[in-house]
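Here is a set of questions and answers for a reader who is meeting this structure for the first time. Please look at the sequence and the model before reading on.

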Amino acid sequence: MKKNLTLFVTLLIALMLAPVGCGCGDDDDDNDDAEADDDTAPDDDAEDDDTVPDDDQTDDDADDDTELDDDLDPVDNPLEWVDPFIGTGGLGYGMGALIPGPILPNAPVKLSPDTSLGGFAWDKMHAGGYYYPDNTIRGISHTHLPGIGATDLANINLMPVLGISDQRVTDAGYRSPFRHETEEARVGYYRVTLDRFAIDVELTSTMNAGFHRWTFPAKDDPPYVVVDVSYANVPGTSTDGEVTVDPAQREVYGFTYQDGSFTGRYGGMPVYFVARFSEDFEDYGTFSGSSRAPSGTNETGTDIGAYVGFAPAKQTVLAKVGISVASVAQARANLDAQITDWDFDAVVTQAENVWRGFLSDVLVEGGTAEQRTIFYSALYHLYMLPTSFTEEGGLYVGFDRAEHTADTFTYYTDLSIWDTFRTLHPAMVFLRPTIARDLVISMMKMVDQGGAYPRWAQGLGDTGSMIGTHSDSVVGDAVAKGVGGFDLAEAYEGLRAHAVGPVPYGGRSGLDDWTTLGYVARDTTSGSVSKTLEYAYDDFCLARIADELGEDADRDLFDERAGNYANLWDSATGFFRARDELGAFDPALGFFDWWLWYDEYVEGNARHWRWFVPHDVPGLIDLFGGEVDFIAELEQFFEGGEDVHQPGLPDLWYYHGNEPDIHAPFLFNEAGRPDLTQKWVRWAMDAHYGTGPDGIYGNDDGGTLSAWYVFAALGLYPVAPCTDVYQIGSPIFTKATVKMGDNTLVITAENASPENIYIQEASLNGDPLDVPWVHHADLAAGGTLDFVMGPDPSNWGRP
């Protein structure tokens, strides 16, 4: 009965089609005029095609990969284990929103195909542009927001075609059916055949430029390339644009002004480009809508583009495309510096070499083939976002829309902080502390040039998405783990500002309630429970920074506020519940109160948010009445998630596809039951990750879910990121050699296997380790962390 009721409620929620699970919802109190989601209607002019979607999103050979393979050699070339198709599919709320196209680590050029089902592309399933179940490629564009539930970007679309006409320059005229059998995606390279024209497409890229190679069939119809300047991801639009054709230089250049679900929130963003072709133009022109201007060299407007044609005998044509948010001149400078000739294969090799350096930060031994594929694909996906906006010459465009120079750091944007503070930022501290430092400096520049820390930075502004001020955690994490190289006092000034008063954007709605009542009141601010819990954590992080700076009064203030989470605890029900300004709890809603996703809980329900006190787990345990009751309730939470899991729908017990409770498996450690942490971490890894296109259960949210897997596979997890503690889970590899900055950490797990999930004993640098956690400094100095694994729970790590 309970299972049937749970399924019924889940279906009701799914029918609401709310944009949840993306880390991109609005804080309604701060962003009332944010763009609403619009359904995209099918294209009535779409041509019929015989290609049917591939509904099989699972790896048929997955079962063969789950057995421990003693014949697997230690990994020396991690590129072989990356599958860019992982996370490009998934049903409904399980959509990963990742892209298969080539991208360098954190590059702004994310060159990849965009797909549709014939002429229909529903925005909710096409946040990244590409969706594996589709059967049609509707464009090949240079900018994307992979792994995010918000549809935006997908700018500067180059589509090869045969012949030219007014119809051919429209989306219905150039889109093409494709088959997955003709696709190949690997690190730094993508290829596919456009079946409509029998044209082979190959892609590679640098940081700020895309490289296309097209092989046209030997037919009478001459080869053309349509450059759709105003093209954008559904339902985004171009509010301005210009295109120029320069036959003498074999160039097409111009810009579009992107207005999407995120860019539109801060006034839009220009994307400039220079496309240079390998062959002379036999024909060229511009277009506006479906109206061509043969031999035209310039067009302006909101639905414009150009086309270039080549001699019929030309079967191979290449184009390299520089991208910039500053100017056409900067796009050309990026292109000239990064792709100096027409050697496509050399650029592929260059991309492989860059990625080899990043992926070799962790080299593993043991594990299954499936675990290795998931792990290295997750490590790869750590670097899809944030995006480096630093262009050639160190130029970047800041939140003030002025050009600046990043001479001692790399400037980043596209910061999904509500998601990434949990795992992605700690992963950068763990693996790439220089990037972690630069992310802090980038946010400080946003304060200087925009007026405040962002809540969800995208491109040239803050989107206002989500809740909390988790830049507090990002900076606190860097401080706690010894990442220097920035002015902490300056960083703290901006953090303190949004904790005590209003700021231009990205601040705390309900702050007056928070400072006077000790909680956010439900009758003044939506999402009151979630905001109360998150503000408590954020203030804990601020207290740690204030303590580092010797600001004792601030430390005491923020430490006191960090305990305010308890003000919403209802001991009668055992849940955090909303209160009004007078202190009265929200009237009980019975069954729905604990299951439904409603206003007081942001992107989750009361059960998901029940565990969000990462900074004070002992205090949370006390609210439950002690360790016994806490463990019983937490285990029931996971048993419910195991018993009632509907792919494509939001889980109403443990929900790994969204962020508020993803730390929960590690909470058993602090209640004295590390064996249960080991059990449920392994279950979460096995149940929510795979090697198929649906291999990430939910939006990757800027690398958040991928970073979770990377940490969990190594046997570690940062439950409270702005402390220096990692909780110990259940390592899956017999050996992992990890570069931590300039030092090397070796993690061994003797006997580790899919069956041997329980730690029997552990040591750190040869000394017995009797507690289920370690400190960052002990690992970052280098050394060894050794485990012995077995099939049965042990007493290791218990009090």
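Q: Is Phe 344 buried or exposed?
A: The model is a predicted one, and in it Phe 344 has a relative accessibility of 1%. Buried residues are those under 20% relative accessible area, so Phe 344 counts as buried.

Q: At what centre-to-centre distance do Tyr 189 and Phe 344 form an aromatic pair?
A: The structure holds 49 aromatic pairs, and one of them is formed by Tyr 189 and Phe 344, with 80° between the planes. Planes over 60 degrees apart count as edge-to-face, and this pair is accordingly edge-to-face, with a distance from centre to centre of 6.4 Å.

Q: How many residues apart in sequence are the parts that the pair of Tyr 189 and Phe 344 ties together?
A: Tyr 189 is itself buried, with a relative accessible area of 5%. Tyr 189 belongs to strand 6 (residues 189-194), whereas Phe 344 belongs to helix 4 (residues 344-359), so the pair ties together parts whose separation in sequence, in residues, is 155.

Q: Which residue forms a salt bridge with Arg 432?
A: Arg 432 is partly exposed, with a relative accessible area of 22%, and is placed in the loop between helix 7 (424-431) and helix 8 (433-450). The partner, 71 residues apart, lies in the loop between helix 4 and strand 18 (362-365), and at 3% relative accessibility this partner counts as buried. The closest N and O atoms of the bridge are 2.8 Å apart, and the partner is Asp 361.

Q: What is the N to O distance in the salt bridge of Glu 279 and Lys 314?
A: Side chains of opposite charge can pair when their charged atoms come close. Here Glu 279 counts as buried at 18% relative accessibility, while Lys 314 is partly exposed at 35%. A salt bridge requires the nitrogen and the carboxyl oxygen to be within 4 Å, and the side chains of Glu 279 and Lys 314 meet this with an N to O distance of 3.2 Å.

Q: Where does Asp 73 lie?
A: Asp 73 takes part in a negative surface patch together with Asp 71, Asp 76 and Glu 80. Exposed means over 50% relative accessible area, so Asp 73, at 57%, counts as exposed. Its place in the chain is the loop between helix 1 (2-16) and strand 1 (112-116).

Definitions and conventions
Residues are numbered from 1 along each chain as its sequence is written. This is a predicted model: local features need pLDDT of at least 70, side-chain atom pairs count only at pLDDT 80 or more; totals for chains, interfaces and linings use all residues. Side-chain values use heavy atoms; hydrogens and water are left out. Patches are made of residues with over 30% relative accessible area and no salt bridge: like charges are joined within 9 Å, nonpolar side chains (Val, Leu, Ile, Met, Phe, Trp, Tyr) within 5 Å. Accessible areas come from the Shrake-Rupley method with a 1.4 Å probe; for residues, only the protein chains shown count as cover. Lys and Arg count as positive and Asp and Glu as negative; His and the chain ends are not counted. The place of a charge is taken as NZ of Lys, CZ of Arg, CG of Asp or CD of Glu. Helices (H or I, at least four residues) and strands (E, at least two) are DSSP runs, numbered from the N terminus. Buried means under 20% relative accessible area, exposed over 50%, partly exposed in between (1.4 Å probe, protein chains only). Rings of Phe, Tyr and Trp (its six-membered ring) pair if their centres lie within 6.5 Å; planes under 30 degrees apart count as stacked, over 60 as edge-to-face and the rest as tilted.
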